[in-house]
Amino acid sequence: MNRVARISLLVVTVLLLLILVAAAAFTAIMRRPFPQTDGSITAPGLQAPVDVYRDDYGVPHIYAANEHDLFFAQGYVHAQDRFWQMEFWRHISQGRISEIAGSSTLKSDIFIRTMGWNRMAENTIRYYEENEPEYLSVLQAYSDGVNAYIAENRDQISVNQTILGLVNEPWEIEPWLPVHTVGWGVVMSDNLSGNWSEEIARAELIKELGEDQVASLLPFYPYADRPVIVPTSAMPDLQGKVGETAVSNSYTPATAVNWANVNTTLVGSKPDLSFLGSGPFVGSNNWVVSGQYTASGQPILANDPHLGIQIPAIWYEVGLHTPDFNVVGFSFAGVPGVIIGHNDHIAWGVTNVGPDVQDLYIEKLNPSNPNQYEYMGAWQDMDIITEVIKVNGGDDVTVAVKLTRHGPIISDLRDNLQDVLAMRWTAQEPSRILQSVVLLNQAQNYDEFREALRYWDVPSQNVVYADTEGNIAYQTPSLIPIRKNGDGLIPVPGWTDEYEWEGWIPYEDLPHLFNPEWGYIVTANHAVVDEDYPYLLSFDWADGDRGQRITDMLTELIDSGHKLTAADMARIQFDSQSLMADDYLPLLDGLSSDDAQVQAALERLHGWDGQMRRDSVPATIFDVFYFYLVENMLVDDVGEANLITVHSRIFMHSMASQPDAPWWDNQETAEIETADTIIRQALEEAVAWLENDMGSDMNDWTWGHYHTVTFPSAPLGQSGIGLIEALVNAGPYPVDGGESTVNANGYDWGTSMAVDWHPSMRMIVDLSDWNLMQTVIPTGQSGHPTHPHYTDQVPLWQNGQYHSMSFTREAVETAAADHLVLQP
């Protein structure tokens, strides 16, 4: 070998060694936070040994001798797999994101502190201390378990911590406190009951378009065409109240408001919580079918809540077992207990009700003293709270939060003394939801189930129920206000008592069902009650498409004599039929075009079944067509800037049957456009856009090419640094479904069809055998990038498949891949 060859070989060898060393170092850094899941660990604070069995998907079943150790171990196990998620979530709930991320999130922290999420959580802790100390002990046991993990692993919590510590100044990993658990409930409550932003949007539309036009563009629920969950006639105990205070399905604007003088600019900025859900309506599905219609003879219950995309998944699967506490299902990392699941006797699932539990009040400020506001003809002093926000790498920021009798002022205060907005919200009351969850986990029958939900204060959920006695049921829980006047749709005068809250809807009068005669219960965020119900719950229901489709599929099977199985429920959960396509495809039947591509698109649509499947070309054509249809119909009336705000699927459904409606005419042209004109124009523009974006081969225009999901990790997944994002994010994956299909994989308005909210889990429970429970989450149990359980459930979720969730100890131990013993 000559000298050059020897040198070359040496260089190559050194480079290979450096690569191997770098790879080994990278692997060591990534694997360092991976938890121990086999063998034995000493966890000071336990009273007795605890067994933790994990299956092939990393789902733990925790067996403890008592409830203290059970919740302690749940906190420890949550922290093993998800502490980074818990750490980031608690900083959100406390308005302390800037302590991690720096000044880029300062406006979000200002908004959160102004709204008072941190103060609401502290208020609830005081309630438990003074009134329900046994539930505070649950929170404390859970916190002690988390802290036992932190004490051992403070410097190796997550690779996210490692990377952020290199970019920003390191921050202290503080002990976990009960207030951090409660705080996450406040964040979820804002996400699931936050209609204050719709009130502001309506007020701004009214400023520009006027009340009549806004009322036309944003119609209420189509009761004649879509189902309700609980007909008032099915609640005989309410019949004496029907007609006394029934809510009119009509728009009632507030009087005496000069909208031009109302300051709707927010203080700070609402934090980016897209990982919780976005889009026009964060939705969910659940249903339960009586055993009279099932093959097993026992009820079957299905649930799939729809929330924002994120990694790790928002849900954490777990089994919790003591001699007196036996429950499995879905939990939140950071929260003890099981939120959705079953025990030995009952099963339950939830979707969001979305009642109107937030009101914005217009407050008049004293021109001589901006710390006073008018109420009933007199100036009232505001309470002023000083919030100090610590900023990573920067100086502390002090915020003065001003409180009126209605709540915090959320308008960005200026010197022009405009009227400002203050917000009242049921979450400002102490929330007993943890108490509700613990009681629900232990409930043995319908009466105990209903009593447990009495304490589910916020956010309100559609809770479906089944038990081993064959009963099925439904309950709306939560604090829902009774208003003296007004409909909650727009901000109302705060200087008078005309719009005050006068208490809560009595729990006994909240919507409920027990063994309805039709044999099933379906909820999909559509209208809970009809127009005869004597209280106002909300005007802003989902469009009813998912509720209608699930009901249609169930009744078709039942009417045919088919006995339903879990496989039928799985098919329904994964159904991607577009009811909007069902309305508009017939309007395309009579159209033809001289343009070959447009004609080819028409022919594809003519033969389409309406399913939004990832391999479908017509699904893509229809979706882009629908975007241009809305734009061409409305932009001349409302302007480009308002198009997203005024887009209503209920309105668009109604337009399909009103070809002569004036909205079809383009006011910017001299001609009178018809429905056919606008439909043809929208299709031509859709085809032109697709050709420009993907080329002329229509076979390439598949829905899965555009409709993909990339699961982002917070906050590094949005860092803008490709290598880091590739490390912590997962995707893109092509997916079926669309907005308002049962398999609801939604996305922002426009021609970007990338998914931003999705079925955050799927669950099917056949009560004939608890071991037959089927579940899936979108990504995996682990929150550690590159861990085997970081993305191992993606293929199941993507393809409408499930894994089994064992219940009996024999089945759990048989399925166990790891066995960890936590020792005192």
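**Exercise 1.** With which residue does Arg 54 form a salt bridge, and how far apart are the closest N and O atoms?

*Solution.* Before starting, note that this is a predicted model, where local features need pLDDT of at least 70, side-chain atom pairs count only at pLDDT 80 or more, and totals for chains, interfaces and linings use all residues. Residues are numbered from 1 along each chain as its sequence is written, and side-chain values use heavy atoms, leaving out hydrogens and water.

Step 1: look for a salt bridge (a side-chain nitrogen of Lys or Arg within 4 Å of a carboxyl oxygen of Asp or Glu). The partner of Arg 54 is Asp 81, at 3.3 Å between the closest N and O atoms.

Step 2: Arg 54 sits in strand β2 and Asp 81 in helix α2, 27 residues apart. Here helices (H or I, at least four residues) and strands (E, at least two) are DSSP runs, numbered from the N terminus.

Step 3: check burial (buried is under 20% relative accessible area, exposed over 50%, partly exposed in between; 1.4 Å probe, protein chains only). Both Arg 54 and Asp 81 are buried.

**Exercise 2.** Find which parts of the chain the salt bridge of Glu 387 and Arg 119 ties together.

*Solution.* Step 1: the side chains of Glu 387 and Arg 119 meet at 2.8 Å, N to O.

Step 1: Glu 387 belongs to strand β14 and Arg 119 to helix α5, so the bridge joins parts 268 residues apart in sequence.

Step 2: Glu 387 is buried at 8% relative accessible area, and Arg 119 is buried at 17%.
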